[in-house]
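Visitor: I would like to go through this structure with you, beginning with the ligand and then moving on to some individual residues. Could you guide me?

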Amino acid sequence: MREMPSIAPIWTQMTPASTSGFRLLPGRLDLDAQQGLLDEVMARVAVAPFVRQVTPGGKPMSVAMTSFGALGWTTDLAGYRYERRHPATGAPWPDIPAALLDLWAELADPRTPPDACLVNFYNAEARMSLHQDRDEADFGFPVLSVSLGDTAVFRIGGTRRGDPTRSVRLASGDVCLLAGDARLIHHGVDRILPGSSRLIPGGGRINLTVRRAEPG
Ligand code: SIN
Ligand code: FE2
């Protein structure tokens, strides 16, 4: 019997850089690269500390955040937006680590550099509800995500809120991209698996999402 031709799934794995969709690159960063990036992140967090921001509805987020790059994703009672300064220190955000600029050039866009990198810290209780990343000017640019530390149970759905969802584990060193027709899919973090990585002293997970917030 002839095999049916397979229909290209939206959830592709290990596909070429230009491919649209959700791309997961498991273990893209080896342990040395993870440690090197963590050191670069923590040096910047020393001057731009993690902050638990509030939603426009006034609810404190369980995830603590900071940013690197010209623009930092900010939420408070006035709404979601990108800001040029850290909400607590008033200082410009630290620069984006070179390893992330290189990954962006290789996997996301070789011509236009990213101008924002949201840094999320999840302790054992933190979660992030299902949402779309839509505060950026041009959804033609992907969102590139790098996970460090404890594994996340990540949930991905479709572009409409009621679309079916599925769960994907994001472990330390995994890189994923929301690109093309998956750029606006709903996604969130159901929970963290405490003790699943020894990378971050004291445990927890750091997720870095590299973005282009302003028009290219
Ligand atoms: C986010 O959507 O900002 C974070 C995703 C993640 O933590 O993996
Ligand atoms: Fe997001």
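**The ligand site and selected residues**

Guide: This is a predicted model. Strand 6 (116-122), strand 7 (128-131), strand 12 (187-192) and strand 13 (205-211) each contribute at least two residues to the shell around ligand 1.

Visitor: Which residues surround ligand 1?

Guide: The shell consists of Leu118, Asn120, Tyr122, Met128, His131, Phe154, His187, Val189, Arg205, Asn207 and Arg211.

Visitor: How many of the shell residues are nonpolar, polar and charged?

Guide: Five residues of the shell around ligand 1 are nonpolar, four are polar and two are charged.

Visitor: What is the distance from the side chain of Tyr122 to an oxygen atom of ligand 1?

Guide: An N or O atom in the Tyr122 side chain is 2.4 Å from an oxygen atom of ligand 1. For His131, an N or O atom of the side chain is 3.0 Å from a ligand oxygen. Asn120 also takes part, with a polar side-chain atom 3.3 Å from an oxygen atom of ligand 1.

Visitor: And how much of the accessible area of ligand 1 does the protein cover?

Guide: On its own, ligand 1 has 260 Å² of accessible area, and the protein covers 97% of it.

Visitor: Where does ligand 1 sit?

Guide: Ligand 1 is located in the largest pocket.

Visitor: Let us take His187 from the shell. Is His187 buried or exposed?

Guide: His187 belongs to strand 12. His187 counts as buried because its relative accessibility is 7%, and the cut-off for buried is under 20%.

Visitor: Which backbone atom lies 3.1 Å from a polar atom of the His187 side chain?

Guide: That atom is the backbone oxygen of Ile185.

Visitor: Now the loop between strand 6 and strand 7. What can you tell me about Asn123 there?

Guide: Asn123 lies in that loop. With a relative accessibility of 34%, Asn123 is classed as partly exposed. A polar atom of the Asn123 side chain lies 3.0 Å from the backbone nitrogen of Glu125. The Asn123 side chain also reaches the backbone nitrogen of Ala126, at 3.1 Å.

Visitor: How far is Asn123 from Pro87?

Guide: Their C-alpha atoms are separated by 21 Å, and the two residues are 36 positions apart along the chain.

Visitor: A change of topic: where are Arg23 and Arg111?

Guide: Arg23 is in strand 2 (residues 21-25). Arg111 is in the loop between helix 2 (98-107) and strand 6.

Visitor: Which class does each fall into, buried or exposed?

Guide: Arg23 has a relative accessible area of 6% and is therefore buried. Arg111 has a relative accessible area of 70%, so Arg111 is exposed; the cut-off for exposed is over 50%.

Visitor: What separations do you have for Arg23 and Ile192, and for Arg111 and Gly203?

Guide: Arg23 and Ile192 are 169 residues apart along the chain, with 21 Å between their C-alpha atoms. Arg111 and Gly203 are 92 residues apart in sequence, and the C-alpha to C-alpha distance is 36 Å.

Visitor: One last residue. Where is Ser67, and what does the side chain of Ser67 reach?

Guide: Ser67 is part of strand 3 (residues 64-68). The Ser67 side chain reaches the backbone nitrogen of Trp73 at 3.4 Å.

Visitor: And why does Ser67 count as buried?

Guide: Ser67 counts as buried because its relative accessibility is 1%.

Conventions:
Residues are numbered from 1 along each chain as its sequence is written. Chains are lettered from A and ligands numbered from 1 in the order in which they are written. This is a predicted model: local features need pLDDT of at least 70, side-chain atom pairs count only at pLDDT 80 or more; totals for chains, interfaces and linings use all residues. Side-chain values use heavy atoms; hydrogens and water are left out. A residue is near a molecule or strand if one of its heavy atoms lies within 4 Å of it. A polar contact is a pair of N or O atoms within 3.5 Å; within protein, one must be able to donate a hydrogen and the other to accept it, and residues adjacent in sequence count only if both atoms are side-chain atoms. Accessible areas come from the Shrake-Rupley method with a 1.4 Å probe; for residues, only the protein chains shown count as cover. On a 1 Å grid over the protein atoms alone, a cavity is a set of points where a 1.4 Å probe fits but cannot get out, and a pocket is an open set with protein on both sides within 12 Å along at least five of seven lines; lining residues have an atom within 4 Å of a point. A molecule sits in a cavity or pocket if more than half of its atoms lie within 2 Å of its grid points. Helices (H or I, at least four residues) and strands (E, at least two) are DSSP runs, numbered from the N terminus. Ala, Val, Leu, Ile, Met, Phe, Trp, Tyr, Cys and Pro count as nonpolar, Asp, Glu, Lys and Arg as charged, and the others, Gly among them, as polar. Buried means under 20% relative accessible area, exposed over 50%, partly exposed in between (1.4 Å probe, protein chains only).
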